[in-house]
Amino acid sequence: MDGAVNMQTKVRTLEWVRDALEAAGALTRWHAPADVSWTGATIDNRADCSGRLFFALSGERVDGHRFVRDAFAAGSPAVVVSDPAVADAMEAQSIPYFLVRDTRGTLFELARAYRRHLAARVVAITGSGGKTTTKEYVRAVLRAKYRVHANRGNLNSLVGVPLTILEADEHCEYLVCEVGANHLGEIDALGGLLAPDVAAITNIGDAHVGYFGSRAAIADEKGSLLKHLARGGVAVLPRDDEFFEKLGAKVQGRVFSFGRSPAADFRLGNVTFSEGLLRFSVNGEPLSLSAVGEYNAVNACAAFAVGDACGVDARRMRDALASVPATPGRGRVHVVGGVTIIDESYNANPASMAAAIELLAKAEPHSGGRRIAALGDMRELGPESAALHKALSRNIDAARADLVFLCGPNMRALWDALSKKNRGFYAETSAELAPEMMRSLKTGDVVLVKGSFGSRMSVIIEALRARESATA
């Protein structure tokens, strides 16, 4: 091969996969029927493998090579491996395979080849918070007019984004990808892979500051997406953010700004919550969401700007946003046995934690109920972690929270800063905290549940659901 994929070959065949891997210089040998089709890729043999290439990734705890037979038995048309001994075993058992030098790198290169083939326009979304929610809003807005493919969940990593690309239908008109990073250079790599037509940055905050060192460094990392904008591309940027000017200076194409600022191209206004709906306006257009929190209105404002850049009219966007259900763990509200639960259990950073506590402040308990916060650690904050956790005491005081339940070693700093009258219970883990909190609840309470994913605050939500069953 001369580095080019044979464009006469049908893309969704194993022959095309062979050509693409040879062009990338990744293929050592292969044994697979050329005309067999594939529909995507997976790294998990427990997921739906039917039609999907199985990439045997090797990690610190699990080696995917152990599961290649299971993946083939579950419907994978071929497996991609880096262990010659495993390849020999596959050939002896007539299991189709591609032997490569590095399965992780090969997944990325195959996605690059397929991305070049796709005619779809690409929207890439990054930021310190709100990425997944904004991605869901953008997906809904664009689906009002186009055929759209987007990440499932938050598959936004150096593995997740390639998987998303490879799942995209050849005939989709828009590919919407959330892009995340834990380390320097990852956004740059994913930006180069995607070459987006529209790049949106939700905000610059403290999430992962322990990895990056400072918010300025985070702005540089997130902003590296912008240099990969396609010719004539549009950057959608947060006008209220202190790094707006710095981000805008990186853009060669057009900039659409969003936010509360009078200078924003897409200006958010009139945010209220009533009758179970978050109501707001963007440039005077009345909109609503099945969600809580002004931060979700900001996310929707960003999606509105993206939709406008992609040619979707305001009426379609209004109807699409109104139809998006609240996402579990990201602001969904439950009423359980007379207790109102604000489920923000999926993730947390200092900015999103402050916004969620403000939301608790605006909540009105019923029948003598109380405002209660159940909070878990904010992870990956580096040397400033203790100070950032302790600082939340000011937000707790401003929210007039009656009781605070905390878990995790980092939350100890907040516990020590709380006044005694606010202290509910402290535990090392959410599993230890859950029963203590359940014993304290009464009808009319409003409870905010929030923490980083690793703090497993979903355990609290599960305990609350169990309480609902017990009182039904």
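Predicted model: local features only at pLDDT ≥ 70, side-chain atom pairs only at ≥ 80, totals over all residues.
Local features are reported at pLDDT of at least 70 and side-chain atom pairs at pLDDT 80 or more, while totals for chains, interfaces and linings use all residues. Residues are numbered from 1 along each chain as its sequence is written, and side-chain values use heavy atoms, without hydrogens and water.

I begin with the sheet. Six strands form an open sheet with mixed pairing, in the order S15-S16-S20-S17-S18-S19. Strands here are DSSP runs of E with at least two residues, helices are runs of H or I with at least four, and both are numbered from the N terminus; two strands pair if DSSP finds at least two bridges between them. Strands S15 (332–336) and S19 (423–427) are at the edges with a single partner strand each, so one side of each has no neighbour in the sheet. S15 pairs with S16 (residues 339–344) in the antiparallel sense over five bridges. In this arrangement, Val335 stands opposite Thr340 in S16.

I turn to helix H1, residues 14–23. Which of its residues are buried? They are Leu14, Trp16, Val17, Asp19, Ala20 and Leu21. Buried means under 20% relative accessible area, exposed over 50%, and partly exposed in between, with a 1.4 Å probe and protein chains only. After H1 comes Gly25, with a positive phi near 70 degrees.

Finally, consider Ser281, which lies in strand S13 (residues 277–282). Ser281 counts as buried because its relative accessibility is 7%. Beyond neighbours within four places in sequence, Ser281 is in contact (heavy atoms within 4.5 Å) with Arg267, Leu268, Gly269, Asn270 and Pro286.
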